[in-house]
Protein chains: 2
Amino acid sequence: MQGQQTIGIVGGGQLGRMLTLAAHTLGFKVIVVDPGDNCPARQVGAQQIQAQLNDKSALRKLSRLADFITIEIEHVDSSLLERTFKNGTPVNPAPSSIQLIQDKYIQKQYLQENDFSVAPFQAVNTFEQAETAFELFDESMLLKTRRNAFDGRGNAHVKTHKQLESAWRRFNGAGLYAEKTVNFSKELAVMVAKDFEGNIKTYPVVETIHQRSICIETQAPAQVSETTRDLAAIIATQAVKTLEGAGMFGVELFLLTGGSIVINEIAPRVHNSGHYTMNACATSQFEQHIRAITGLPLGETHLITPSAVMINILGERNAATEVSGMEKALRQPDTFVHLYGKSPTKVDRKMGHINANGVTIKTARKKAVKARQAMSI
Amino acid sequence: MQGQQTIGIVGGGQLGRMLTLAAHTLGFKVIVVDPGDNCPARQVGAQQIQAQLNDKSALRKLSRLADFITIEIEHVDSSLLERTFKNGTPVNPAPSSIQLIQDKYIQKQYLQENDFSVAPFQAVNTFEQAETAFELFDESMLLKTRRNAFDGRGNAHVKTHKQLESAWRRFNGAGLYAEKTVNFSKELAVMVAKDFEGNIKTYPVVETIHQRSICIETQAPAQVSETTRDLAAIIATQAVKTLEGAGMFGVELFLLTGGSIVINEIAPRVHNSGHYTMNACATSQFEQHIRAITGLPLGETHLITPSAVMINILGERNAATEVSGMEKALRQPDTFVHLYGKSPTKVDRKMGHINANGVTIKTARKKAVKARQAMSI
């Protein structure tokens, strides 16, 4: 028996906002910790504790007020999460999984130790080690920060010694590692849900398309062979099985030109590559995550449309947010616009996304592209 | 060009709540007028002006703050709405439609004048008129209040002179009318959406099942002949075409034992018989209403599952709300629970609903019934 239960989310951005909407549908209250003024989750009715994500007293307060705790971002102090939440409030995914994932070097090590294929990588603590890696990786690699990297921030493509020097200076002694550039034909992603009992439900394999290292588009299902799709789903499912805790996990994969698949990285949370599920799958990734972290059974994950395309609405300028063109965008049939209530607009800031369904990827994509072109933000 | 626009809703109950969730997805802010403490819409992030629905200053405030105005209940002072909103804020549906519909006697007259079939009815202003109607209608009729009736409140079945006397005493001089009891084989309902330009999209015809005059279940699509389905859809569409203003309209119909169809009544708003659309149609009735009243194009209305059943979660007792059994309920595949955050629980109060999808109505219904049985509220 219960009165109204409360979900605590560390982070109140667009993912926290869409989690909040899903939680409300299921009758939960939501509290988020977020440093922003009137953060996206708060705008849709989450109570906000306005504080940095690692603020000890804010997390203690969250722990007191919430029946279940989760995150919308993995760049949090996982040991603090672990210490703060030893009072018995369920934290999902497990802080141990967050800790493992938030350091990309440790994540890669972990995946390798568990027999998952990843691109060759090396720890880089000194410039000499960076040079050694550069040679080892045939003078084509990524220099990456181990922590706090997302949407391309913290990644540098290195193909010349000069680029190596400049990247080294740019990261200025941050914990780094190097990763060999792999030749991939497509980037794939799989959203995987895990419940309290370890049951797993896997969403369709999608293709993700990036520009400037930001996800700009996903296509579901990925236009690859059935064998590739099956292989991608198996790898993603197996990888998530090894991780502790419940919730959604986003598994990013590279389909190499030779046909094999390596894991790029795993996000221990709802993920941009799963936004299409809101209008294209039986259960959205957001409802699924809420079910998973509150001990409810997982919902069905099948597509309810033959094809679905998601296009991100990235900010076009740096200014107060002004949305226009919604009425033109929504003239596309089977097309849905999701806005995050963010202001100001910044160049490349994720302001919303468009989901379009269709009989084929081509028709769905046409609608999504037209809808995006009709809008200005 | 626009910043974040605001939708004002008169009423903040469960319909206002689900409208708020849909409005947030599209990036709108929401303000509701509602007399309740922490009303269901407020719990999910609507700003609440706590006042009676007909409070003039509250409506004036709503009109100042909102870019678009709508209602979740038709029992409002429509002339006040009309006067209050003459400042140019779009009110949808049109106050004239609300006015027409909120008086069931006038609604019936209107439908009849526009050549729609309705059950025979008579105005009743005196007890003598009630007796005359009783005779005229072969001693089997409903005595109904013209206004403020919903979920069976305001209806009395009259089959004996004693019942007539008791109903007359019960309604105590309220504006009444009498309606001949019709022999129907099924109750049907059709949700119809209309946009600013008069474009119409019609949802699948559903069967509604009532107990104690409360809708307890809907089945989509209605298990009737294709001819009946087409006829129901045409009648509903034509009826809504005659009404002014944009938004969702719920058209309730009787399928008579002879096979003909009469209109029971029309709701100028989202409707309980459309809750199945949240998980079973391309666009939910709530998103559709928000699109319609804000001048956005209408979304697709087709079923995304062969069959869908909705079962209301009615309160089982009078007490503080305690929900249990969600984890068991959601073990049913393709089953979704929506809770409204209401407290206290009251007997027959609408506390939430369950949507279940399936290959047939029978399989969908089985899941919905099992899920409902698993829950206690």
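## Helices α5 and α6 of chain A

In this predicted model, α5(A) and α6(A) are roughly perpendicular to each other, a label for angles of 65 to 115 degrees. Helix α5 covers residues 95-102 and helix α6 residues 104-113 of chain A; they pack at an angle of about 105°, with their axes 5 Å apart. Axes are lines fitted to C-alpha atoms, for helices over the stretch in contact, and angles run from 0 to 180 degrees between N-to-C directions. Helices (H or I, at least four residues) and strands (E, at least two) are DSSP runs, numbered from the N terminus.

From α5(A), L100(A), I101(A) and Q102(A) meet K104(A), I106(A), Q107(A) and Y110(A) of α6(A), where contact means heavy atoms within 4.5 Å. The contact residues comprise 4 nonpolar, 2 polar and 1 charged.

## Relation of the two chains

Chain B is superposed on chain A by a rotation of 180° with 0.0 Å of shift along its axis, at RMSD 0.0 Å. The two copies are thus related as by a two-fold rotation axis. Within chain B, G45(B) has the C-alpha nearest the axis, 1.6 Å from it.

## Helix α9 of chain B

The buried residues (under 20% relative accessible area, 1.4 Å probe, protein chains only) of α9(B) are T228(B), A232(B), I235(B), A236(B), T237(B), A239(B) and V240(B). They pack against β9 (184-194), β10 (200-202), β13 (247-256) and β14 (261-267) of chain B.

## Conventions

Residues are numbered from 1 along each chain as its sequence is written, and chains are lettered from A in the order in which they are written. Local features need pLDDT of at least 70, side-chain atom pairs count only at pLDDT 80 or more, and totals for chains, interfaces and linings use all residues, while side-chain values use heavy atoms, with hydrogens and water left out.

Definitions and conventions: Parallel < 35°, antiparallel > 145°, perpendicular 65-115°, else oblique. Nonpolar A, V, L, I, M, F, W, Y, C, P; charged D, E, K, R; others polar. Least-squares fit on C-alpha atoms with pLDDT ≥ 70 in both. Buried < 20%, exposed > 50% of the residue type's maximum accessible area, 1.4 Å probe, protein only.
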